[in-house]
Amino acid sequence: MSHRSIGVDERMSPAKAFPLGLQHFLSMFGATVLVPLLMGFSPSVSVMCSGIGTALYLLTTHNKIPSYLGPSFSFIGPVVLASATAGTEGVCSAIAVAGLIFIVCALVIRAIGTDWINTLIPTVVMASIIFVIGCGLSTTAVQEAFLTDGVASAWPALVVSGTAFIVVVLCTCFGKRVLNTIPVLVGAAVAYAVACVFGVVDFSPVREAAWLGLPDVSLPTFNLQAILLVSPIALVVVIEHIGHLFVIGEMTGNNYNSILWRSVLGDGLATTVAGFLGAPPATTFAENIGVMSVTRVYSTQVFWYAAATAFLVGGFCPKLGALIGTIPDTVIGGVSIVIFGLIACNALKMLVDHRVDMASMRNLTVFGGPAIIGIGMQALGVAIPLGSYNVPGLAVAALLGVFLNLVLPKENCS
C-alpha cells in the first residue's frame, strides 16, 4: 500500500516529527557506537558529535538536503594504525585536518562547477556505486541478524531479528496513517519487546549509569605522522558522499548539483568539529537514507529532532544512552535488512528512471564489473594496500567505474 511522501520543506507537528526523528536516531545508533569502539574513541562523544555534525550540515545546506551525519567506516583502518603511535589526541588532529580537506574540496567544487560529474560519473556509474553501498552493507545486516559475538545466534535471537524484519515489512506495505511512516521504529520496538520476553536484554548498564553527566571529550594534539596517514582518506569519502547525495536526489526528485559544494562543506565542518572533540570523522549515513526510502518522509525537520536527541543522549544523559545501548544487535540487523535492500534497489530504480540501456554490453560492463568487485571486497572485508593506506571496496568500485566509462568506446561496444 503506497502512501503520500512528505517533502523536504514540509513541516509537521512536534508530536508527529519527534517519533520520526527518533526512528532516524535508532537506525544510526548501532554504527555510531560501533565505529568509535573500533577506533578507540568514546561512543557517547561519537553520538553527541553526530548530533552536532548533523545540525551543522543542515545549517550549511540551508535545510535543503535531508541527511544524517555519523562516523565513517572508511577511516577505521588508518585511524587504528595511527592510534598505535600517535594516541587518541594525535589522531584527533588528523581527523580535524581531514575535515579541512573536505572543506577545500567543497571550495574547489564551488569554483569549477559540477559539469565534471556527468562526464566522470554518469548514471550507470553512479548506479553501480549506489548498488555497492547497499549490497556492501548486507554483510553488516546479516551479521547483526544471524550472529552473536561472532557465532551463530540461538533461536531466540533469530526470532527477534525475524520479528523486526517482518514488522517493518508489514508496516511498510500494509500500515495506515502513523504505522507506514515509522515502520523502522515500530519494528525495533516490537522486536525489543520480544527480546525482553526471551530474556536476552541486559539492563545492568542502565542501572549503573548516572542520569546526568558530561561528555568525556579529547582535545587534539598535532601529530604529522597521523595527519599524513589518516587525512587523505577524506578524498575517498568525498566519492561516497556524492553517491549518497545522488540517492537522496533521486528519492526526493531534486537535483542537488548546484549545492553539492555546500553538502561537502557541511560534511567537512562536522568532521573538523569531531576532531576537536574526540570523535570519528563524519559522513552521510546510508542507514538513514534507507529509512527515508522506506518511509518516504524527506522533511529536514525530522533530522533536527534526530540531531537534538543524539546531542542530549550522547552528551548529557548516560542512563538514556545506556538504555538505547541495550537494544540487541539482532533487532538492528532485522530492520537493517530492509533498509539496506532498499538502498540497493534505488540503484536499479535509477537505471530505469533514466532509461539506461542495459542491453548494451558497455553499460553492463561499466555497471557489473565494479559492482561485483566492490560488493565482494566489502563482503570479505578486504582492501587493496597502497603504501600506508588500504583502499576499500567502495572506492575501488567507484574508481574502476569511472575508468571504464572513460576508456570504453561508446560505439562498437554494444
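Predicted model: local features only at pLDDT ≥ 70, side-chain atom pairs only at ≥ 80, totals over all residues.

Modeller: Helix H18 comes first. Within H18, the buried residues are Gly393, Leu394, Ala395, Val396, Ala397, Ala398, Gly401, Val402, Leu404 and Asn405.

Next, the aromatic side chains. A pair of aromatic rings is described by how far apart the centres are and by the angle of the planes. The count of aromatic pairs is three. One of them joins phenylalanine 18 and tyrosine 305, whose ring centres are 6.5 Å apart with 75° between the planes, an edge-to-face arrangement. This pair links distant parts of the chain, since phenylalanine 18 belongs to helix H1 (residues 14–39) and tyrosine 305 to helix H14 (residues 300–316), 287 residues apart. Phenylalanine 18 has a relative accessibility of 39%, so it counts as partly exposed.

Another aromatic pair is formed by phenylalanine 311 and phenylalanine 316. Their rings are edge-to-face as well, at 5.3 Å centre to centre and 70° between the planes. Phenylalanine 311 is partly exposed at 32% relative accessible area, and phenylalanine 316 is partly exposed at 29%.

Arginine 110 lies over tryptophan 261, 4.4 Å from the ring centre. Lysine 319 lies over the face of tryptophan 211, and here the distance to the ring centre is 5.3 Å.

That leaves the charged pairs. Side chains of opposite charge can pair when their charged atoms come close. Searching the whole structure gives one salt bridge. Its partners are lysine 349 and aspartate 353, with 2.7 Å from N to O. Both residues sit in helix H16 (residues 329–353), and because they are four residues apart, about one helical turn separates them. Lysine 349 has a relative accessible area of 43%, which means that it is partly exposed. Aspartate 353, at 42%, counts as partly exposed too.

Methods:
Residues numbered from 1 in each chain as written. Heavy atoms only, no water. Buried < 20%, exposed > 50% of the residue type's maximum accessible area, 1.4 Å probe, protein only. Helix = DSSP H or I, 4+ residues; strand = E, 2+ residues; numbered from the N terminus. Phe/Tyr/Trp six-rings, centres within 6.5 Å; stacked < 30°, edge-to-face > 60°. Lys NZ or Arg CZ within 6 Å of the ring centre and 35° of its normal. Salt bridge = Lys/Arg side-chain N within 4 Å of Asp/Glu carboxyl O.
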